[in-house]
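This briefing is for a reader new to the structure.

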Amino acid sequence: MRSFRGGVHPREGKEATEHKPIEVAPLPSRVVIPLSQHTGAPSRPVVQKGVRVKAGTMIGEPVGRVSVPTHSSISGTVADVVDLPHPLTGRPVATVIIDSDGQDELEATIGEQDHSHFTPEEIIEAVRRAGVVGLGGAAFPTFIKLSPPKEKPIDTLIINGCECEPYLTADHRLMLEKSHEIVEGIRFLARALGVSRVIIAIEDNKRDAVQLMTSVAAGPDIAVRELRTKYPQGAEKQLIKVLLGREVPSGGLPMDVGCVVQNVGTAVAVRDAVRFAKPLFERVVTVTGPAVAEPKNLRVRIGTLVSELVQFCGGYQGPVGKLIMGGPMMGIALASDKVPVLKGTSGILALGPEPESDESECIRCGRCIEACPMGLAPTRLHYHVRQRRFAQARAEHLLDCIECGCCAYVCPARIRLVHSFKFGKSEVLAQERK
Amino acid sequence: MAPKTPAEESTQLLVTASPHIHSAVTVEKLMWAVVIALAPALAGSVYFFGIKALKIIILSTAAAVVFDGLGQRLMGRKVTVWDGSAAVTGLLLAANLPPDVPWWLPVIGAAFATIVAKQLFGGLGHNFINPALAGRAFLTASWPTLMTTRWLAPRLGTVSGLGPAGLRLCTDAVTTATPLNVLKNGERLLAPGCEPAQLWQELQSWPVIKRLFLGNVGGSLGETSALLLLLGGILLIILRVIDWRIPVSYLVTVAILVLILPGPKTAPLQYLLFHLFSGGLILGAFYMATDYVTSPLTHKGRLIFGLGCGTLTVLIRRWGGYPEGVCYSILLMNVATPLIDRLVRTRLFGRRKEPR
């Protein structure tokens, strides 16, 4: 099996939820929907306090080219439109708060479409209008990935079912329970891109999903590939390298090597968007971790508070040290559980209180360099950032860091390398804007 | 137990950057692994050289821990002597000393190693040369006689490794010449009426090689038993505490150069094994050249580092002023390490061709 450089093998922790079918989370009485849930410009509110909305009603319209609309996830009344701190960045962002009427009425436009004659442009427009973003975590608007410039021909669509983050099983369950929907979504995606080669990539810790997807999807144009379980197998650049032997150039995008990578969850969202004109207002979230009483995979309305999901999972079990949105390797630690699930939220992870060990001095063991899938020298980059030598850090390719966390995971001195690189990158970019 | 209310919860949450899980490897575990790996060889030294060796080991280690802590205190750093790095320095320094030196020698050596070579340059992670080797080099320069003549015959053998029956050295040399010393100065040490050829032949005989392998010869107290050092060294490689690249490239370089360079070879295989098992080569290759702080960061850099150590060792042994070259070879390559790290980089994923 072809592999990629570096990477780590953290304990998977998926056993708590991998055999649990997706349950529908109870309809929330109130949702909190920030209008910035995607990479790019936030959408602009188009509803005011007191307005009645249904599930699927557009509440935020896109602003600029890299932006998507945002939709209500329940039916009810807009309780407020207010700037609130974003759950992940903490920066204030326009947020629509909706109180449920308990009816869960759908927007009238949602329903079976006559999609068989859709042109690629019509598919892409349906995806854009539905506010579909990458559900793997980065939340990049999907319609942009489907509209590469003409000079970048795409020959391969890669469907990412790796789910290499420990603890998370949302994609795994989706593949087991929604394999036909995934394939339907893949057909739309392939049509939009005009590609005839599709590869579904799944790590070998999900053999059942590999088998099922092979029997459902494999054919002359769709191949299912089982990959070795190794973090970050599901990182776009590493995935392309392993599947096709192509390297996305430094600073480039998958389309520079003729690829588009979409997560399996995104494929389902695309299917719903194209076939039913259904906006993206719900997703599958794994709620898990040693501090959750009954870990579950849940189908959740966007905007549901994390606290409500944890309550539905039996509440917290023992003291909670960290509450994480996403997986343990790349997820964001939350300061409170009163924050909403976003389009990019693949998991909620509650970890027990582990004493955060102090950073000690780098002993130059080189483990971070061995682990870096991008071929960087994290210890040197950290040294440059710490000395505020941002130009030097940039020259040693700080901007190529994908923040996967492998370096910090292996560091025996527990140096907060990713923290350092996030800061360093923002400083480098700030200096370049000057 | 009733679920806690979110309000209760939110006040206690720890917010730090990802990742939120870590491998179990810590600096402390790595250092204590080296201590454990050194244990067989040091226990062997007590077996071979008696209680004097134990005294040196304890003095050196205790002094290293105390002076390292003192150095940290003086430099206004956090005192972290229990991370094991000072203990490793003390044990390695002891391993590098003749077993019959006065009690104050290891103490002064440990003080130099920890305060001058380590803490004055910034403490753990910042020293540019291996502290234990710096201590040894300092002692050798300051008390050359103590450092080169205080050998003890091991429990069951001779300092030189030559069998008592076939001893062909002059009286003086019998107690002062280690195997490498005999190799270097054999002609001068020869008893009257003996042919050098006889000496070379005996030096490269299987009984001598066996004594070298087991440690039944004279030398620095922790360096004599290739067998016990290899046990610990291989353990360190299996546990992935050290990178195999440094010892392997070091030893392979020595082996190749010894075979192709001129020397008093009577039996090539035994001559090769004599070089590998004598002196401080195994100790140096597995325990000192692999010191993280003073060796290169990258795989390729480490291969170059081992190549450099091996080349210098053979050159010093063959043509240098000392019978043994391991200590200075590693120190010289320590100094070359920043240069190696500057020139040898990992390949960036997706690197574009850069215009020159």
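Two strands count as paired if DSSP finds at least two bridges between them. By that rule, strand S15 (residues 322-325) of chain A pairs with S17(A), as 4 bridges join the two, which run antiparallel. The model is predicted.

**Strand S17 of chain A**
- In this pairing, Lys322(A) has Leu351(A) as its bridge partner in S17(A).
- Strand S13 (residues 282-288) of chain A is joined to S17(A) by 3 bridges, and these strands run parallel.
- Leu349(A) of S17(A) is the bridge partner of Thr288(A).

**Helices H5 and H6 of chain B**
- The axes of H5(B) (residues 104-118) and H6(B) (residues 131-142) come within 8 Å and cross at roughly 125°.
- That angle makes H5(B) oblique to H6(B), and the crossing is right-handed.
- Residues of H5(B) including Leu105(B), Phe112(B) and Lys118(B) meet a group in H6(B) that includes Pro131(B), Arg136(B) and Phe138(B).
- By class, this contact has 10 nonpolar, 3 polar and 2 charged residues.

**Contact between chains A and B**
- On chain B, 37 residues are in contact with 57 residues of chain A.
- Helices H1 (6-10) and H2 (27-49) of chain B each supply at least two residues of the side that touches chain A.
- H1(B) gives the most to that side, with 3 residues.
- The residues of that side of chain B divide into 17 nonpolar, 14 polar and 6 charged.

Technical notes. Residues numbered from 1 in each chain as written. Chains lettered and ligands numbered in written order. Predicted model: local features only at pLDDT ≥ 70, side-chain atom pairs only at ≥ 80, totals over all residues. Contact = placed C-beta atoms within 7 Å. Nonpolar A, V, L, I, M, F, W, Y, C, P; charged D, E, K, R; others polar. Axes fitted to C-alpha atoms, helices over the stretch in contact; angles between N-to-C directions. Parallel < 35°, antiparallel > 145°, perpendicular 65-115°, else oblique. Left-handed = near helix turned anticlockwise from the far one by under 90°.
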